[in-house]
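This report is meant for a reader who is meeting the structure for the first time. Please keep the sequence and the model in view while reading.

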Amino acid sequence: MVRKAVWISALGCGLALITSSIALAAVTPVLISGPSPYAACSTFDNSLTGRTYLNAEVEPQVAVHGSNAISLWHQDRKSNGGAHGIGVGQSTDGGATWTETTIALDACSPDTQPALSNMFRASDPWVSFGRDGIAYASALSFNISVPNNANAVVAARSTDGGANWDHIQPIPGAIFQTANMSTDKNSTTADPTKNKTAYTVWDTLLLATDNPDDNPKTQAYTGPAYFSKTTDGGKSWSPAQVIINTGNRQQTIGNIIVVDPRDDTLYDFANLLLPPNTPFQGTHSNQQLAFVKSTDGGDTWTQPQLIAPFNSLGVIDPNTGKRARVGDGLEEVAIDPSSGQLYVVYESSSNFLKNVKQSSGSWDDEILLVTSNDRGATWTSPKVIHTANGLPTFTPTVAVNGGRVAVTYYDSRNLTSGDTVHWPTDYWVEYSTDGGASWGGEQHIAGSFDLTTAPVARGFFLGDYEGLQPSGSGFLAVFVKTNCDAPYPASNPLCAPANSNTSNPQTSNTNPTDVFSAILS
């Protein structure tokens with residue numbers, strides 16, 4: 001028996017917590033990732049910037065088509081951006097078992113095409129199945145300073161469930177050689193109503209100069225949202241097209257498209273950073289959850305519509321002040337294919353203040369949901385669907401299947417006030433069967449594990465997002481955890497800090513994280 005919690009709106013906008021006992025099916029995580037297939041690329045690590053965590057997998061995505069599933073992730077995460085390459089997991093039995101393979105996106109793969117062979121990092125993998133079984137993937141291939149600042153949004157396709165990938169190519173208008181044009185946070189969505197059709201969106205940060213010594217007086221930059229599509233099954237992609245234009249000191253990030261299969265309307269959701277955006281003057285950026293939509297296959301788009309502020313601060317261990325890098329400022333979205341109801345989840349802080357100093361004593365401690373059942377014309381007010389008694393909770397993901405909505409998330413509910421050695425973290429899911437009005441049936445997926453043994457990339461890092469898709473009559477979750485499980489015995493070599501190529505001395509934790517799947521019913 002487990003306890004479930006349901007937040008119910010009360011009069012006066014208060015929230016009441018109702019608990020009840022309910023028997024839930026056990027969840028058994030399945031290991032997907034193994035030893036790094038890019039280990040040979042370690043010969044380059046000492047000549048590049050940052051630290052490399054060999055065998056550290058983070059930030060997975062997943063796609064499902066019948067009994068076939070594909071997961072992509074960062075393989076061998078680097079401290080200052082990207083990884084050796086993108087790992088690939090392929091399943092033909094709905095995620096019960098997996099086979100690991102690779103995709104050639106950068107110099108770490110011997111058969112990478114010439115346009116990408118001078119890039120030594122890959123990041124931000126995304127994957128989506130079309131209704132005809134073609135899988136579409138995108139990722140970033142790039143460098144950071146050494147040997148240059150080349151970067152690109154790269155697309156690929158698979159016609160055999162992820163075993164092999166072809167037509168790997170930079171999207172036209174999304175490959176650059178200098179740091180003043182930098183691509184980020186791509187995602188790819190196959191059209192559920194059209195064969196051979198998929199869409200990729202991302203932001204490109206445009207700076208006034210690629211020379212840091214220029215020191216422009218205005219801190220000038222902009223970061224529009226870009227769009228490209230394929231209509232020939234991933235053989236070619238259309239030139240990059242701006243779909244959210246941004247002014248000076250404005251940008252988008254975290255663009256994600258969902259498609260309404262009833263009328264083929266495209267919705268692109270993003271974090272839209274708007275004025276006043278003055279983080280250097282002691283306040284947080286003005287980050288707004290927003291969307292645009294297209295009713296003509298992406299040829300034209302509406303102006304951005306604002307939904308709600310993110311009000312996110314990130315995550316800090318309240319006992320030590322150490323930071324985790326999580327999915328703050330990034331939304332996850334889903335659409336009910338029958339009703340067209342839109343669901344967006346994100347993490348937020350109940351103690352958010354614009355003052356930057358507030359963040360030293362506050363963190364994201366709640367998961368919020370907004371929904372629309374009228375094609376985005378109106379939205380519900382942000383609704384708290386999960387808290388962990390004021391402790392950090394982060395990186396939610398949402399999916400819909402047969403009118404049932406699932407949201408996965410991490411939280412720190414098992415962190416006690418006196419524990420400054422470990423950061424107990426668990427992965428959970430809860431459900432709604434009434435369009436997000438109420439939530440319950442919480443299931444424990446994995447943990448507790450020690451977050452402090454994860455690779456460090458501006459904080460202990462599991463990923464800016466995790467994967468969740470409808471599968472059969474339930475859901476398939478793909479996520480990352482560390483390999484130091486409670487009670488964190490000193491005899492476990494993977495309970496040491498994550499080892500990197502620059503660790504001095506080297507530590508025993510040479511496999512800090514792995515990718516797992518869980519079948520949720």
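## Basis of the model

This is a predicted model, in which local features need pLDDT of at least 70 and side-chain atom pairs count only at pLDDT 80 or more, while totals for chains, interfaces and linings use all residues. Residues are numbered from 1 along each chain as its sequence is written, and side-chain values use heavy atoms, with hydrogens and water left out.

## The chain as a whole

The protein chain comes to 0 helices and 34 strands, where helices (H or I, at least four residues) and strands (E, at least two) are DSSP runs numbered from the N terminus. Its C-alpha trace spans about 60 × 60 × 55 Å along the principal axes.

Among contacts with a separation of 6 or more, 60% are accounted for by residues 24 or more positions apart, a contact being heavy atoms within 4.5 Å.

In soluble globular proteins, nonpolar side chains tend to be buried together. A nonpolar core is here a set of buried Ala, Val, Leu, Ile, Met, Phe, Trp, Tyr and Cys residues joined through side-chain atoms within 4.5 Å. The largest such core has 37 residues, and those with the most contacts inside it are Y410, I445, L451, F479 and L520. Several strands each supply at least two residues of this core, including strand 4 (57-65), strand 5 (68-77), strand 30 (440-450) and strand 34 (513-520), while strand 33 gives the most, with 6 residues. Apart from this core lies another, of 22 residues, among them V88, A137, A152 and W165.

F479 is in contact with Y410 and I445, and also with residues including P29, P60, D514 and F516, leaving aside its neighbours within four places in sequence.

F516 lies in strand 34 and counts as buried, because its relative accessible area is 12%. Beyond its neighbours within four places in sequence, F516 is in contact with P29, V30, L31, I32, A477, V478, F479, K481 and N483.

Although S517 and I32 are 485 residues apart in sequence, their C-alpha atoms are 6.8 Å apart in space. Not counting residues up to four places away in sequence, S517 touches residues that include P29, I32, W98, L476 and F479.

## A glycine in a loop

G314 is found in the loop between strand 20 (305-309) and strand 21 (315-316), and at 4% relative accessibility this residue counts as buried. Leaving aside neighbours within four places in sequence, G314 is in contact with R323, V326, D328, E347, W363 and D364.

## Backbone details

A cis peptide bond, with omega about 0 degrees, joins G447 and S448, and S448 is found in strand 30. The peptide bond from N504 to P505 is cis as well, with omega near 5 degrees, and P505 is found in the loop between strand 33 and strand 34.

D76 is not a glycine, yet it has a positive phi of about 70 degrees; this residue lies in strand 5 and is buried, with a relative accessible area of 0%. R375, likewise not a glycine, has a positive phi of about 60 degrees and is found in the loop between strand 25 (366-372) and strand 26 (383-387), where R375 is partly exposed, with a relative accessible area of 37%.

Notes:
Buried < 20%, exposed > 50% of the residue type's maximum accessible area, 1.4 Å probe, protein only.
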